[in-house]
Amino acid sequence: MTDRGTEQVTAESALYVFAVCKLPDPSAFAGLPGVAAGEALRRLRFGELTAIVQTVRAADFTDEAWQARMADRGELERYARAHHDVVSAAAESCPTVPLPMATLYHDEERARQALLDETERFLAALRRTTDHSEWGVKVYAAAPAASDPARTRPEPSAGGSRPTPGAGLAYLERKRGAQAQRERRHEDSLRVAEAVEAAFQGLATAGRRLRLHAPEPAGTSHVQVLNATYLVAEHRAAELEPLTRALRDATGARIDISGPWVPYSFVGEV
Amino acid sequence: MTDLDFGREAYPIPGPPNSSLADILERVLDKGIVIAGDIKIDLLDIELLTIRLRLFVASVDTAKKAGIDWWETDPALSSRAAQNSLRDENRALRERLDALEAKTEETEETKETSDHT
């Protein structure tokens, strides 16, 4: 085994690895900035595969630098998109295995050795994902309507010192009704999520659930009930749009699909 | 290993245009083939990240409410500072004008009273 210590960086520069492919066309990412200004993206051969790499300033990739970047939406977005753009551009010229953002080595020799050690995994991932792309599917439940009967039922009149007979019972019933309604809504959305998932599983080669997004701070009132991603063969990609439309009509739910993505979610151990 | 058709000229995955930051982050952060790098960086997962970004936005609001608004008076950060200096100058000029008008009124009054006598 090679030594893969995680000692502190002392060197001026480091090597950022974006993705691995068989033989990428260098013109595919010629104009892209990557994650470091003024440094060209280049290819690093290792065995029968090629990595797309860029020399970066080591000081820009310390843990402290990243923590600061993570707290700055603009900076984070710039890096995430820069990484994604290189990966996507590579995938246009040949089947590509993306690496996660910020995979870094001290120098070329270390990178080549580490990548060589993983050759079998890269080839397995390429076998699994060639002629496929990834599609994201998000399902949102409708927000509870304002005309919720459990809510709009009039309150018993507050006039008079004594509560109207049966007011306590009515209150309990109202509470029980609201609770039942919440449960019904929850079950409905789970059913919709499962139906959508089953339908896409039928079309896809593989599928994964991702973590549900919390509602945006000032965003939609829609609650996400399914966040999944699917590996879909190219010859079946045309079926996605009509399937989504049919599911929208059948369930009444909001269903968003995004893609095609480079199969980020399907190159690891699935 | 050689059963792959690697020789193809083009492999059309352009990546969805106009994808949201959340969509990209949930793929580039911990997905992709994960291999040990030399430099270890703690990539927060997307949920922690959104919470942190939200806190960052919230902290600016909180600071504003507490009256900490240095970024609004720093000329490098905001045009508000320029407006403030204009307003200050305006106020100073108005004060001088008031003082001068008061003075002329005073002298006119003394003139009038001296005329009557």
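**Close-up views of chains A and B**

Four salt bridges are counted between chain A and chain B (a salt bridge is a side-chain nitrogen of Lys or Arg within 4 Å of a carboxyl oxygen of Asp or Glu). The model is predicted, and local features need pLDDT of at least 70, side-chain atom pairs count only at pLDDT 80 or more, and totals for chains, interfaces and linings use all residues. Residues are numbered from 1 along each chain as its sequence is written, chains are lettered from A and ligands numbered from 1 in the order in which they are written, and side-chain values use heavy atoms, with hydrogens and water left out.

**View 1. The interface of chain A and chain B.** Chain A gives 75 residues to the contact and chain B gives 44 residues (contact means heavy atoms within 4.5 Å). About 5500 Å² is buried between the two chains, and carbon and sulfur atoms give 63% of this area. Buried area is the accessible area, taken with a 1.4 Å probe, that two parts lose on being put together, summed over both. In one salt bridge, the side chains of B:D23 and A:K138 meet at 2.4 Å, N to O.

**View 2. Helix α2 of chain A against helix α1 of chain B.** α2(A), residues 73-93, and α1(B), residues 21-28, pack at an angle of about 65°, with their axes 10 Å apart. Helices are DSSP runs of H or I with at least four residues, and strands are runs of E with at least two, numbered from the N terminus. Axes are lines fitted to C-alpha atoms, for helices over the stretch in contact, and angles run from 0 to 180 degrees between N-to-C directions. On the α2(A) side the contact is made by A:R73, A:L76, A:E77, A:A80, A:R81, A:H83 and A:H84, and on the α1(B) side by B:L21, B:I24, B:L25 and B:V28. These residues divide into six nonpolar, two polar and three charged (Ala, Val, Leu, Ile, Met, Phe, Trp, Tyr, Cys and Pro count as nonpolar, Asp, Glu, Lys and Arg as charged, and the others, Gly among them, as polar).

**View 3. Helices α6 and α7 of chain A.** The axes of α6(A), residues 167-203, and α7(A), residues 240-251, come within 11 Å and cross at roughly 160°. The two helices are therefore roughly antiparallel to each other (an angle over 145 degrees). Their contact residues divide into nine nonpolar, two polar and no charged.

**View 4. Two backbone details in chain A.** A cis peptide bond, with omega about 0°, joins A:G259 and A:P260. A:P260 is found in strand β9, residues 254-261. A:A102 has a phi near 65°, a positive value in a residue other than glycine.

Technical notes:
Parallel < 35°, antiparallel > 145°, perpendicular 65-115°, else oblique.
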